[in-house]
Number of protein chains: 4
Amino acid sequence: MAGSTYGRYFTVTTWGESHGPAVGVVVDGCPAGLSLTEEDIQVLMDRRKPGQNKFTTQRKEEDEIQILSGVFEGKTTGTPISMMVKNKDHRSADYSNIMNVYRPGHADYTFDAKYGFRDYRGGGRSSGRETIGRVAAGAIAEKALKEMGITLESRALEIGGVDGADRDALEKYLQAQMAKMDSVGGIVECVIHGVPAGLGDPVFEKMDACLAKAMMSIGAVKGVEIGDGFQVARAVGSQNNDCFEADQNGNVTKKTNHAGGILGGITDGSDIIVRAAFKPTPSIAQEQETVNRQHENVTISIKGRHDPVVVQRAVVVVESMAALTVMDLLLANMHSTMDGIKKFYDK
Amino acid sequence: MAGSTYGRYFTVTTWGESHGPAVGVVVDGCPAGLSLTEEDIQVLMDRRKPGQNKFTTQRKEEDEIQILSGVFEGKTTGTPISMMVKNKDHRSADYSNIMNVYRPGHADYTFDAKYGFRDYRGGGRSSGRETIGRVAAGAIAEKALKEMGITLESRALEIGGVDGADRDALEKYLQAQMAKMDSVGGIVECVIHGVPAGLGDPVFEKMDACLAKAMMSIGAVKGVEIGDGFQVARAVGSQNNDCFEADQNGNVTKKTNHAGGILGGITDGSDIIVRAAFKPTPSIAQEQETVNRQHENVTISIKGRHDPVVVQRAVVVVESMAALTVMDLLLANMHSTMDGIKKFYDK
Amino acid sequence: MAGSTYGRYFTVTTWGESHGPAVGVVVDGCPAGLSLTEEDIQVLMDRRKPGQNKFTTQRKEEDEIQILSGVFEGKTTGTPISMMVKNKDHRSADYSNIMNVYRPGHADYTFDAKYGFRDYRGGGRSSGRETIGRVAAGAIAEKALKEMGITLESRALEIGGVDGADRDALEKYLQAQMAKMDSVGGIVECVIHGVPAGLGDPVFEKMDACLAKAMMSIGAVKGVEIGDGFQVARAVGSQNNDCFEADQNGNVTKKTNHAGGILGGITDGSDIIVRAAFKPTPSIAQEQETVNRQHENVTISIKGRHDPVVVQRAVVVVESMAALTVMDLLLANMHSTMDGIKKFYDK
Amino acid sequence: MAGSTYGRYFTVTTWGESHGPAVGVVVDGCPAGLSLTEEDIQVLMDRRKPGQNKFTTQRKEEDEIQILSGVFEGKTTGTPISMMVKNKDHRSADYSNIMNVYRPGHADYTFDAKYGFRDYRGGGRSSGRETIGRVAAGAIAEKALKEMGITLESRALEIGGVDGADRDALEKYLQAQMAKMDSVGGIVECVIHGVPAGLGDPVFEKMDACLAKAMMSIGAVKGVEIGDGFQVARAVGSQNNDCFEADQNGNVTKKTNHAGGILGGITDGSDIIVRAAFKPTPSIAQEQETVNRQHENVTISIKGRHDPVVVQRAVVVVESMAALTVMDLLLANMHSTMDGIKKFYDK
């Protein structure tokens, strides 16, 4: 498969650039009979909007989602769901300072190296606007999962080392960085409740392997961990093993959850915990040394409205990618046993 | 695709359990004309052998690789390469203490939850022996990459927090843990040299996303990072951005490599740096609380020869998965431009 | 992958129903640097338009294609190309006679059996309008192939047993069938010139296997053949084998082409010849016996503007599917030899 | 995916050449809990053996199947099932007359064109022995399908135009062809009973499209048809449409089955009927004109034991490919509706 499709069963194909006429997504493999409206999707879409606080860009992006296929009389039909958001803000602008220069930390140089040329108007395909398709698809996955009793909770755990929930400390920290014309990164955590035991495969399609790819496929993510994550490298087995115990109803539970809900790549019924580390936004107004398309050394200072931090806006993207992954493996797992298949077909 | 296949172009399918007659792998999509002998593969195979130091299991595992297809007169033919290693050590043993009990930190419970029953003789499909197939396939990928000037270097960066290169400190630390009947984890790092700029796709098939999945698909890995990894979450943009500069030959290089060789999911021509965090081996002789198949609370103490640490043996597995990933994206990248395709077909 | 995606490298995902707001397609994996305009695509689109002769429906379908992404400054960027055609003719109509009844020869019953309900406004996802996406994608493939010296030629070989090129006989035959309120089928042939030897794989991804799937995935196709096709079943080897001969330049050619350009699944450099048999349009005004959603026996007579024959309109669909298939295997073949890869990367 | 893997869910990867040490297959995605022994597989394997009548080669091929993984205590475990057959008859032989010459009707030339060289000892990867893996995998699929009430029946419908069931006429015809040192083709038909309505997707993954690929992926097949097949091209709609009717129990049935059990790509609950046309065996003892590797015109006469007809031996291969296809789409269909998924997970 070419590189803009995610998922093997619940399949998501995003398309569109920041400065083209529109961005969108096709979701193929969504089961028939799920109630779905544009409002269901807009709720998640709005969580990734900028302009929600003073540290994200003040552009007005309405990002109104439109469903073009796959829903009939308020229900999914089982056929591809095509969704689109028009790019309202793609008026002709002055790109002269970036069209010819490789911005540090951006994909400008690597796009040229790969494709021979690039759409120099903003991030092109690497723009944050590509995530609109992910969130629209994620909203459908989340709705389907909810009907199965599976819910997702996600938040900015840390921003630049500051507790993401401590608004006062955060505001102070971000003000200081903005004054220095700098940018910051952070960590997003997603916890998935209610996942039945048994999802994920024991070898390459492990639940954690799929989540790792999902997270690392988000622009700016440089690290992913499950459960105790990197801390396990310094733990000992007697601490790190989660002891099983039977609850009053005879169900198998765990006394701790260092494993983050996954053992041997397969969910164990406890919460799945995944974290992604985001690098600081590469667009900064400070002057930086770099190279132009003619491979001459130059300097660049990136003007314009740029988020000094994208972590809060990325929370819903992390959640969407997690939802898509769990949905995909939930479908995959239906093939695991002959008994399950025979029961399904009533044989 | 079912869950035992890795890669889209250079495709690897592993099979086999620890206590079946054999384990093996089929590599499909290997280009024709690569010189290949069983010795080429055995070199990497031997790096994952136990018994190389006193802290790994003393079992004699010869693990002699056999090529069954796809090589003719010393060269790959372009058709599937089937390789197999016989399991010599699968004599009937006494599994009575584990066949009925869910070992903490192992996949016993999750296998039962998924498949309704499990091969209780050792790790089954989750055994470390499954990695034999990965390493055999990785050896082929590494050989092909070497012909392209791409080489991989990997090592145990940390074991239980101790510098993996400090043998004295390490021996002391491991002795202490063994005395406590405990086990330890660690961090493996792989650096990939000579990768041309342009590999990887900008959206879901990012080089880093693919590496993340590759690493997290290895049993016991709970975290993955690229370049500065989790540290980026506390860095600022002006530090974290790698400035480009042109060298004397007019080639684009970077002054630093915080990005670990990947920008926007696409390689930038500098070294790719990836790290994986391994949890402590779950098999420990200490008594642990757990549950049996009847969902009764019991205790278990795991006897037998178990590695208190698998990190050193896992180094070559990390390297193999990295090689498979780079090889796959090297092939994928051949489709990137019309000019490249026309030059290939001489049009 | 879910079922609306075709191709492994040059990947096409169609979406949309006959009576939704639009139909469209996302083409992912198109190489960068191909000159492309909406006009390039419209040319093929216009070949599938109805109303081109008196035997196809007289509806006015403008079907104006719109490119929404993946093209910048007149060239493909290597990222997904999203294309869309608005459904102009989806005004509220009276579907009372079909919403509750299973039309013979249509997919009404099977959609209900699969999805639990269906979009009863026309063919839904099984409508001929789904092929708009195929043709738009096929136009891109055909343009790329042309730059490689590969061209496609296709035609209605037979319509209802009448020579598709004999307009007089054809008109007479079709008039007679229309007078009887009946419909007819036919055979479409596509010949592909200039395909280099070596495309296609020897086992499951044979060129002919891929073409067979491509053809049979077109609604109404019930048979596919390559070269001499079903006639080979009654031929003897000494006739059916194509003898090789060297031409003046020392190139390998064949004296005959019973094989239709494919040997062992791999192209041999001669013309590829593929034929598809189309069934008569199932919508006929004659009264037919059938069953309704309540599983009661009823009769139905299908009113409205329906093509008594779709074969001519399907010619460009056959050609598009053939172009997509050849393009896909052309890309796949770039991985066949180490020499080719090393030359590509200049090693 | 590389080209030796078939199926998206029930995934089959074959490997091996006619003259290597072994041929085999890995089946991944087989549900856990299916009773399976080597005998189950041997039954189908024996149906493809040569030497069953005087017109097939008299070589003794024992072809004893060995299961190497994925089965524990007589049941499939849900993990990959690796199976292998040793090539007993690959003693060093004299290939001097074929190693340097392109046999007409064979893949010798196309292999060289694709891979730069080839395994010249017999058919290599294009050998009929590759089908051993297909049949072994097909035997598992058939066993699983049988538990769902789905059975397959297949036969040689025609051999060289002679009724495949008329042994006397057939013997006479084959004797005559052998006397002329010629070979013959034929038609194989497979009928699949008991398939529930709803399998297959409406667009690219139509049941008939998948069957067409499956059939055409068998060496020597040049045509595929479903139901009335090519005859539909000369039928009229009023004949070709199958009228529905409700039976006494209120189930939807069809009065006729011109459609071969598939409408709009989705099964309708009646028998699936598929036919494949096989070309005459290309290896004939008659002298043929051809070209050698140096591209010089030469003649060749192919000595040795060659089947003058492979149609009877191919029957079980057709059946196996059909079984694999139905099994795959049976699994795919489990994702079709939210109701089905919720029922599966008991929500």
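This is a predicted model: local features need pLDDT of at least 70, side-chain atom pairs count only at pLDDT 80 or more; totals for chains, interfaces and linings use all residues.

Trainee: Now chain B. What rotation superposes it on chain A?
Mentor: A rotation of 180° with 0.0 Å of shift along its axis, and the RMSD is 0.0 Å. 100% of the interface residues of chain B are also interface residues in chain A, so these copies meet through the same surface.

Trainee: And how much area do chain B and chain A bury between them?
Mentor: About 8,300 Å², with 60% of it on carbon and sulfur atoms. In that interface, 109 residues of chain B are in contact with 109 residues of chain A. B:K114, B:F204 and B:K222 supply 11% of the area that chain B buries against chain A, which is more than any other three residues do.

Trainee: Let's switch to helices. Which residues of helix 1 of chain A are buried?
Mentor: Helix 1 of chain A runs over residues 38-47, and its buried residues are A:I41, A:Q42, A:L44 and A:M45. They cover an arc of only 165° around the axis, so they sit on the same side of helix 1 of chain A.

Trainee: Nice. What's exposed on the other side of helix 1 of chain A?
Mentor: A:E39 and A:V43 are exposed there.

Trainee: And what do the buried residues of helix 1 of chain A pack against?
Mentor: Four elements of chain A: strand 4 (66-67), strand 7 (81-86), helix 3 (131-147) and helix 7 (311-332).

Trainee: Back in chain D, is helix 3 mostly covered or mostly uncovered?
Mentor: Helix 3 of chain D is mostly covered, with 14 of its 17 residues buried. From first C-alpha to last, helix 3 of chain D reaches 24 Å, close to the 24 Å expected at 1.5 Å a residue. Just after helix 3 of chain D comes D:G149, where phi is positive, at about 85°.

Trainee: Which residue other than glycine has a positive phi in chain B?
Mentor: B:M181 is one, with phi near 55°. You'll find B:M181 in the loop between helix 4 (167-179) and strand 10 (186-193) of chain B. B:M181 counts as partly exposed, at 44% relative accessibility.

Trainee: What about C:M181, what's its phi?
Mentor: Positive again, about 55°, although C:M181 is not a glycine. C:M181 lies in the loop between helix 5 (167-179) and strand 10 (186-193) of chain C, and at 43% relative accessibility C:M181 counts as partly exposed.

Trainee: New topic: how many disulfides are there over all chains?
Mentor: The count comes to zero. Take C:C210: the closest cysteine sulfur to its own is in D:C210, 12 Å away, and that is too far for a bond. C:C210 is buried, with a relative accessible area of 8%.

Trainee: Last one. Where does A:H193 lie, and what does it touch?
Mentor: A:H193 lies in strand 10 (residues 186-193) of chain A. Not counting residues up to four places away in sequence, A:H193 touches A:G149, A:I150, A:T151, A:E153 and A:D271. The C-alpha atoms of A:H193 and A:L152 are separated by 6.2 Å, though the two residues are 41 residues apart along the chain. A:H193 itself is partly exposed, with a relative accessible area of 23%.

Methods
Residues are numbered from 1 along each chain as its sequence is written. Chains are lettered from A and ligands numbered from 1 in the order in which they are written. Side-chain values use heavy atoms; hydrogens and water are left out. Helices (H or I, at least four residues) and strands (E, at least two) are DSSP runs, numbered from the N terminus. The expected span of a helix is 1.5 Å times one less than its number of residues. Buried means under 20% relative accessible area, exposed over 50%, partly exposed in between (1.4 Å probe, protein chains only). A disulfide is a pair of cysteine sulfur atoms within 2.5 Å. The arc is that of the directions from the helix axis to the C-beta atoms. Contact means heavy atoms within 4.5 Å. Copies are superposed by least squares on the C-alpha atoms of residues with pLDDT of at least 70 in both. Buried area is the accessible area (1.4 Å probe) that two parts lose on being put together, summed over both.
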